[in-house]
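I wanted to look up a few local features and write each down with its residues.

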Amino acid sequence: MASEPVRAAARLATALALLLSLAAPAHALRVVDWNVLNYPGTTGPARDPYYRTVLAPLGVDILVTEEQTSQAGATEFLNSLNTMEPGQWTGAPFVVGGDTQAAMFYKPARVQFLGQRAFWPNSAYLLRQVNVYRFKPVGYIGDAAEFDVYAAHLKASSGSTNAATRLAEATGIRDSLNNLPAGTHVLVMGDMNFYSGLEGGMQKFVENETNNIGRLYDPLGLQNVTWQDNTSMQYAWTQSQCGTGDTGCASGAATGGIDDRFDLILPTYAWQDGAGLELVAGSYVSVGNDGLHHNVGITAAPTIPEGAAYATALHSVSDHLPVRVDVQVPAILAVSASPIAFGTVITGATAGQSLAVANGAASPGEVLAYSYSAPAGFGAPTGTLQIAAGAGANDALTMDTSTPGAKSGSLLLASNAIDNPNASIALSGTVLRHAVASLDSIVAQGSASLDFRTHDAGGFPVLEVRVHDLGWDALQARLAVTGASISGGAGRFSVVSGSTPVTLADTGRTFGVAFDPNGATSDSAYTATLTIASGDEALPGAAAQPDLTVSLAATLQGGGTTAVADARPGSTRLYSPFPNPLLGTSTLRFDVARGGPVA
């Protein structure tokens with residue numbers, strides 16, 4: 001049979017697993033942006049397997065694509081995604097707005113799609129609309145977990161005129177962002193066509209303005225350096241994976257090798273405020289760029305870490321590399337609000353319970369930070385506690401047993417979870433005083449005597465001893481009487497009524513004691529000791545009570561036919577009534593030391 005600690009540990013582990021299973025199925029998210037190059041064109045079906053080769057190992061949850069040319073193309077791409085991961089993908093409604101469009105694909109099991117809109121970022125030059133999509137991770141309730149994705153494709157080509165057009169488009173996007181509520185989480189992504197972090201459009205995105213609600217930042221910190229052919233940051237380049245003279249490039253792809261950073265994911269500053277939705281540090285990656293292919297195709301030596309087949313797939317579908325980033329989801333507090341009962345214990349006991357707390361966010365999720373406020377009479381861990389995403393803890397709660405009383409109150413738990421951050425848990429328990437063993441119901445009496453006096457062989461009565469739990473009430477432990485034994489007296493004394501073990505509360509228990517004169521020596525005094533063992537009832541904190549002792553004495557009267565021995569009592573004594581509790585009638589017996597009126 002398992003020991004109680006083992007069983008308790010198993011119960012706690014089961015409770016924790018249940019909490020985690022009941023927590024909403026939140027997921028950390030991976031977001032990818034990819035210019036898929038004039039899709040589908042005439043080669044869409046031929047390129048589809050290569051797109052799947054690139055995307056399959058990435059574990060994508062949200063995918064934004066640029067250069068989608070039609071609703072039919074968006075549908076074809078969605079079907080290809082569901083060939084790769086059957087039944088997992090759906091798409092946002094396709095919006096026609098410009099020479100090519102963005103498309104949004106996502107996994108409903110990971111994110112809730114809340115709606116979309118589109119706008120022209122430069123009213124003077126209606127090239128391509130910016131599409132805005134709103135999401136919330138699955139498993140969250142309030143709007144604090146919502147975020148926007150801006151999908152943009154700015155004016156291409158070098159030269160001051162095109163750079164000025166990009167600045168105007170970036171200004172329109174920044175103005176839109178600045179009109180959002182403060183603290184809004186936005187990811188602006190797409191093919192921005194910036195040749196440098198110092199270009200006006202990029203600087204517009206990241207500059208410090210009077211209104212900084214829509215201020216963006218570069219997760220790689222490259223906003224103030226040149227990009228094209230700057231080999232110090234070539235790990236961030238995204239175009240072009242087709243080298244000069246390469247064969248097998250996608251139709252219409254730019255060539256010249258990898259030397260530009262056109263494709264970006266730029267977050268608002270709400271993504272780095274240290275709480276809730278955050279970007280995972282180090283997760284921003286130009287997919288397939290090993291930083292070793294300056295001005296050559298991605299299939300050239302050395303082979304990229306993902307392998308030759310992966311390089312061929314990137315080489316064959318587009319002239320842009322995908323960009324990905326991971327999103328940390330907010331903490332989720334998973335705790336049962338069911339009342340916790342400590343039960344009944346006795347003063348001085350150790351009274352504890354465990355509360356299973358879990359962080360229902362999937363890794364890499366926000367750390368759950370929480371603290372307790374315990375009511376009077378109870379204790380909980382102090383300070384700020386932390387639980388990693390997907391993990392749990394069993395927190396020790398205690399009840400103060402230094403004083404008796406019925407204790408109750410609400411344990412308050414406060415956390416950084418954005419949905420239902422607080423919990424109130426009812427605590428209750430009862431602490432009892434120790435039992436008090438006594439031979440009297442009014443005052444504490446630990447010893448007494450029973451004198452059977454002197455009688456002839458047929459004259460010895462059954463005398464009684466009554467045991468009480470002195471002062472018992474609802475806040476005192478019951479008295480467990482465990483034994484009544486007699487030592488001495490040549491074995492002539494015995495307990496003839498009242499059995500043990502027995503548990504006493506407000507009503508005492510009577511034990512009848514008899515003296516056996518058969519074969520006793522006449523005129524000899526027999527003495528013995530009745531010992532009654534007891535303690536608290538079987539509750540945590542129970543302790544033994546001091547033994548109750550009763551001195552016993554009896555003398556068998558001497559023989560003879562002509563005289564009667566003087567059997568007058570030597571002292572005045574009132575005996576316990578019998579029976580008690582009475583059943584209709586009760587006998588009161590007493591001795592008087594000398595004659596006189598008795599009342």
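Predicted model: local features only at pLDDT ≥ 70, side-chain atom pairs only at ≥ 80, totals over all residues.

**Entry 1: cis peptide bonds and phi**

I looked up the peptide bond from T500 to P501 and found it cis, with omega near 0 degrees. P501 sits in the loop that runs between β26 (493-497) and β27 (502-504). I then turned to A301 and P302, which are also joined by a cis peptide bond, with omega about -5 degrees. P302 belongs to the loop between β11 (285-286) and α6.

Next I checked S157, a residue other than glycine, and read a positive phi, near 85 degrees. I placed S157 in the loop between β7 and α4 (160-178). I kept these entries because most residues other than glycine have a negative phi, and most peptide bonds are trans.

**Entry 2: α2 against α6**

For helix pairs I wrote down two values, since packed helices are described by the angle between their axes and the distance between the axes. Helix α2 covers residues 44-55 and helix α6 covers residues 308-317; I read an angle of about 130 degrees between them, with the axes 8 Å apart. The two helices are therefore oblique to each other, as angles over 145 would be needed for roughly antiparallel and 65 to 115 for roughly perpendicular. I logged the crossing of α2 over α6 as left-handed.

Which residues of α2 meet α6? I listed R47, Y50, Y51, T53 and V54 on the α2 side. Their partners in α6 are A309, Y310, T312, A313, L314, S316 and V317. Sorted by class, this contact has 8 nonpolar, 3 polar and 1 charged residues.

**Entry 3: α2 against α3**

I then took helix α3 (residues 71-84), which packs with α2 at an angle of about 45 degrees, the axes being 10 Å apart. That angle makes α2 oblique to α3. I logged this crossing as right-handed.

From α2 the contact uses G44, P45, D48, Y51, R52 and L55. From α3 I listed E76, F77, S80, L81, T83 and M84. By class I noted 6 nonpolar, 3 polar and 3 charged residues in the contact of α2 with α3. Y51 is among the α2 residues in this contact, and I had already listed Y51 in the contact with α6.

**Entry 4: the cavity**

How many cavities of 30 Å³ or more does the structure hold? I found 1. The volume of the largest cavity is about 50 Å³. I wrote out the lining as E66, E67, T100, Q101, A102, R128, Q129, N131, A151, A152 and H153. β2 (62-68), β4 (101-106) and β7 (147-153) are the elements that each give two or more residues to this lining. The largest share, 3 residues, is from β7. By class I noted 3 nonpolar, 5 polar and 3 charged residues in the lining.

Terms used: Residues numbered from 1 in each chain as written. Heavy atoms only, no water. 1 Å grid on protein atoms, 1.4 Å probe; cavity = no way out; pocket = protein on both sides within 12 Å on 5 of 7 lines; lining within 4 Å. Points joined across faces, edges and corners; volume = space filled by probe spheres on them. Helix = DSSP H or I, 4+ residues; strand = E, 2+ residues; numbered from the N terminus. Nonpolar A, V, L, I, M, F, W, Y, C, P; charged D, E, K, R; others polar. Axes fitted to C-alpha atoms, helices over the stretch in contact; angles between N-to-C directions. Parallel < 35°, antiparallel > 145°, perpendicular 65-115°, else oblique. Left-handed = near helix turned anticlockwise from the far one by under 90°. Contact = heavy atoms within 4.5 Å.
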